[in-house]
Structures are given as C-alpha cells and as structure tokens.
Amino acid sequence: MITLRSQREIDKMHVAGQLVRQAHQQVSALVKPGITTAELDKAVDDLFAEAGAIPLFKGVPGKVPFPAATCISVNDEVVHGIPGSRVLKEGDVVSVDTGAKIGGWCGDSAWTYAVGEISDEARKLMQVTERALQIAIELLPVKKRWSQVAKEMQAEVESAGFSVITTLVGHGIGKTMHEEPQVPNYDSREFRKKGDFDLRPGLVLAVEPMVAVGRQDLYLHGDGWTLSTKDKSLTAHFEHTLALTSSGVRILTGADPT
C-alpha cells in the first residue's frame, strides 16, 4: 500500500529533511584527510540530539543492532559501513548516509564526499551518480510511471561505463524510514510487471542511486552490515527525500528555493 501525503504532512517531513541536510553540511565541513569516521558520526549524532530528533539508523536490527547515527562507507564499500577508528586519507571517497525522525516524520539522505584530491575516475563516478539522482528529480513530474524514470537513470550510469547496483534500492518514506514502494535505480521487465507504480502528487520517495566503477556484485563483511563490491571497485551513493506535488518536485533534504 502506497500512502500519498498531504501538503501539511509534506511540510512536516520537510522539517526532518532540513535537519538531515544540516547533518550533511556538518559532514561536508569536516571531511578531510586525518579525520576518523567515528568523529563524523559523532558530529551528526550530537546535532540530532540537540534538535531532539531520533537517529533513524541507530538500533536497526541486524546481526548486531546498528550502533551509529550514520552509515559511513569508504571507497569500495557501498552502504552500511559502521563508523569507527578508520582514518580517512587523501584520495578516498566516502559515502555518508543518515536519517532522522522529528515530530513523528522522517528524512533520509546520502552523499558521497571527496577526501582531498581524488582521481579523475573517482570524480567522474561521483558526477555520474549525482547526475542520475538529478535525472530522477527532473523526470518525476513529467513521467507517468517510476520505471520510466529508472530507465533514464540506468542509461546515464551505463553510458559512462559504470554499473548500477541492482541489489539495493530506494524506498518510500514517511512516518517510518522504509515504506512502500520499493524504488529501484534501474528498469527491468520483472519490476514493470510486479512493482511499478504511478507517479502522483503526494508521493514521497527516498531516491538513492548507488553506482560502481566495476561490476555490481557485492559481498557482506563479517560485521554483518558493510557491503562492498567483490572486485574492490570504487562506489558512490547519492540520495534525497523527494516529494512529488502538484507544482513539481520538492527536495525535502535539499536547499530551499530562494
């Protein structure tokens, strides 16, 4: 069951989204060679605590409950990296995913950051992945079905010679972090047959393309959370919480229009 949100509900989700945006602003200011992933997580955790928000990721059930307010994934790690003593170094790319609940509503966003000077390949990967997200923002108001949007996102990635990671998808979001529908970043006959959905005002989605330089095959680390590419190729991850309204797309985790 896909729940369409009212303007009032979307306004409340915007509050959560803007807190998550602030978290990413803090991370962006802190990312540099020599900082640990635990330090980045603490900055976000402290921000949420000060705002009276609930960190959505902390305590999520798994092999062990997820222990942090952020997922921090470096280089070949795609998602769900656990923050800790790892020190970021020049040339790394680091994906930070975080979410918060405030006033009963959720916001969720991920961004990939360059640590110092990075390779041309890494820069291109980040640009292509962010562009795939931008394509979704542009097409949500003009397409009729999600598969039509996902097809264009996939084409952007594959035309650059990269791979869409198909085992991980976006999701609906509202009063809980993960709601219907599932939101893949690629098109397939199976999805069009069994999971596709209409694009209608009131729809709120966490759209999050995840892209690898090499093959999309993944493996799970022994911590029960971190997922990396099997071929150790670089990855990037960009995500916004997006509300489709009668007047277009509202980026709930983005900068407000001036």
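## Pocket and strand exercises

β8 (179–183) and α5 (189–194) each contribute at least two residues to the lining of the second largest pocket. Strands (E, at least two residues) and helices (H or I, at least four) are DSSP runs numbered from the N terminus. This is a predicted model, in which local features need pLDDT of at least 70, side-chain atom pairs count only at pLDDT 80 or more, and totals for chains, interfaces and linings use all residues. Residues are numbered from 1 along each chain as its sequence is written, and side-chain values use heavy atoms, with hydrogens and water left out.

**Exercise A. Characterise the lining of the second largest pocket.**

*Solution.* 
- On a 1 Å grid over the protein atoms alone, a pocket is an open set of points with protein on both sides within 12 Å along at least five of seven lines; a cavity is a set where a 1.4 Å probe fits but cannot get out; lining residues have an atom within 4 Å of a point.
- Take the volume, the space filled by probe spheres set on the joined grid points. For the second largest pocket this is about 200 Å³.
- List the lining: V169, E180, P181, Q182, P184, Y186, S188, E190, F191, K194 and G195.
- Sort by class. Five are nonpolar, three polar and three charged. Here Asp, Glu, Lys and Arg are charged; Ala, Val, Leu, Ile, Met, Phe, Trp, Tyr, Cys and Pro are nonpolar; the others, Gly among them, are polar.
- P181 belongs to strand β8. Omega is near 5° for the peptide bond from E180 to P181, making that bond cis.

**Exercise B. Which residues lie closest to the centre of the largest pocket?**

*Solution.* 
- Start with size. The largest pocket holds about 360 Å³ of space.
- Go to the centre. Of its 19 lining residues, H80, D97, M177, H178 and E208 are the closest.
- Classify the lining. It splits into 10 nonpolar, five polar and four charged residues.
- H80 sits in the loop between β3 (77–79) and β4 (93–102). Its phi is near 70°, which is positive for a residue other than glycine. E208 sits in the loop between β9 (204–207) and β10.

*Solution.* 
- Read the record. The unreviewed UniProt entry gives D108, H171, E208 and E239. Its positions follow the numbering used here, feature names are shortened, and annotations may be inferred rather than shown by experiment.
- Compare with the lining. D108, H171, E208 and E239 are in the lining of the largest pocket.

*Solution.* 
- Name the lining: I2, T3, R5, G172, I173, E179, E180, L203 and V204.
- Classify. Four are nonpolar, two polar and three charged.

**Exercise E. Work out the strand order of the open three-stranded sheet.**

*Solution.* 
- Apply the pairing rule: DSSP must find at least two bridges between two strands.
- Write the order. It is β6-β10-β13, with antiparallel pairing.
- Find the edges. β6 (163–164) and β13 (235–237) have a single partner strand each, so one side of each has no neighbour in the sheet.
- Inspect one pair. β6 and β10 (residues 210–212) run antiparallel and are joined by two bridges. S163 has A212 of β10 as its bridge partner.
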